[in-house]
Amino acid sequence: LGKPVAEIAEDLGAWVVRLGSIRRLMRFAGIDFSAFLMALPELEGRALMVVRGFQLPALSVSATAEGWTIVADAEPIWIHALSGMLRAMADDYGVLAVIEVAGDQLQVSVPLTAFSEGRPFSISDPLLGVA
């Protein structure tokens, strides 16, 4: 493809959270993007509920004056995949987020919380009519 591995990992992360069941699982974590970010440490356990044995890296999130710092105990490729996931979820919530990879962590700031209309969300699957 002629793309750096980090860029492919970011694109893959963005694609994964666009899958219906994954998106619902992610959105259920918070009413807004801020709450979603603070719930990221629970992602490891949520993933195990969906796919038995699927190990995600442990995440820690701390609020800063500029936004949030997310640290992952993982290989660098996971940081880039997480960056893509967060980019897609920011779009889903309708916020403008600036996400920067810095070593084993991400710096996230949100200059506009009402950047666009967020996508509608329901925990149930609209195609099946069930959760």
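1. Cavity first. This predicted model holds one cavity of 30 Å³ or more, and the largest cavity comes out at about 40 Å³. Here a cavity is a set of points on a 1 Å grid, over the protein atoms alone, where a 1.4 Å probe fits but cannot get out, and lining residues have an atom within 4 Å of a point. Grid points are joined across faces, edges and corners, and the volume is the space filled by probe spheres set on the points.

2. What lines the largest cavity? Leu-25, Met-26, Ala-29, Phe-36, Ala-39, Leu-40, Leu-43 and Arg-46 do. Helices α2 and α4 each supply at least two residues of that lining. (Helices are DSSP runs of H or I with at least four residues, strands are runs of E with at least two, and both are numbered from the N terminus.)

3. Phe-36, one of those lining residues, turns up again among the aromatics. The count is three aromatic pairs, where rings of Phe, Tyr and Trp (its six-membered ring) pair if their centres lie within 6.5 Å; planes under 30 degrees apart are stacked, over 60 edge-to-face, and the rest tilted. Phe-36 and Tyr-93 have ring centres 5.7 Å apart and planes at 40°, so this pair is tilted. Phe-36 sits in helix α3 (residues 33-38) and Tyr-93 in helix α5, so the two tie together parts that are 57 residues apart in sequence. Ring pairs also bring in Phe-33, giving a cluster of Phe-33, Phe-36 and Tyr-93.

4. Buried or exposed: where does Phe-36 fall? Phe-36 is buried, at 2% relative accessible area, and Tyr-93 is buried too, at 11%. The cut-offs, with a 1.4 Å probe and protein chains only: buried is under 20%, exposed over 50%, partly exposed in between.

5. On to charges. Side chains of opposite charge can pair when their charged atoms come close. The model has five salt bridges, each a side-chain nitrogen of Lys or Arg within 4 Å of a carboxyl oxygen of Asp or Glu. Have a look at Asp-92 and Arg-18, which meet at 3.3 Å, N to O. Asp-92 lies in helix α5 (residues 76-93) and Arg-18 in the loop between α1 (5-16) and α2 (20-27), so this bridge ties together parts that are 74 residues apart in sequence. Asp-92 is buried at 1%, whereas Arg-18 is partly exposed at 36%.

6. There's also a salt-bridge network, linking Lys-3, Glu-7, Glu-10, Asp-11 and Arg-87. Within it, Lys-3 meets Asp-11 at 2.6 Å, N to O, and Lys-3 also bridges to Glu-7, with the closest N and O atoms 3.7 Å apart. Lys-3 is partly exposed at 34%, as are Glu-7 at 38% and Asp-11 at 33%.

7. Val-5, Met-49, Val-50, Val-51, Phe-54, Ile-77 and Trp-78 make a nonpolar surface patch of about 660 Å². Helices α4 (43-50) and α5 each give at least two residues to the patch. Ile-77, in α5, is partly exposed at 42%. Patch residues have over 30% relative accessible area and no salt bridge, with nonpolar side chains (Val, Leu, Ile, Met, Phe, Trp, Tyr) joined within 5 Å and like charges within 9 Å. The areas are Shrake-Rupley values with a 1.4 Å probe, and for residues only the protein chains shown count as cover.

8. Residues are numbered from 1 along each chain as its sequence is written, and side-chain values use heavy atoms, leaving out hydrogens and water.

Methods
This is a predicted model: local features need pLDDT of at least 70, side-chain atom pairs count only at pLDDT 80 or more; totals for chains, interfaces and linings use all residues. On a 1 Å grid over the protein atoms alone, a cavity is a set of points where a 1.4 Å probe fits but cannot get out, and a pocket is an open set with protein on both sides within 12 Å along at least five of seven lines; lining residues have an atom within 4 Å of a point.
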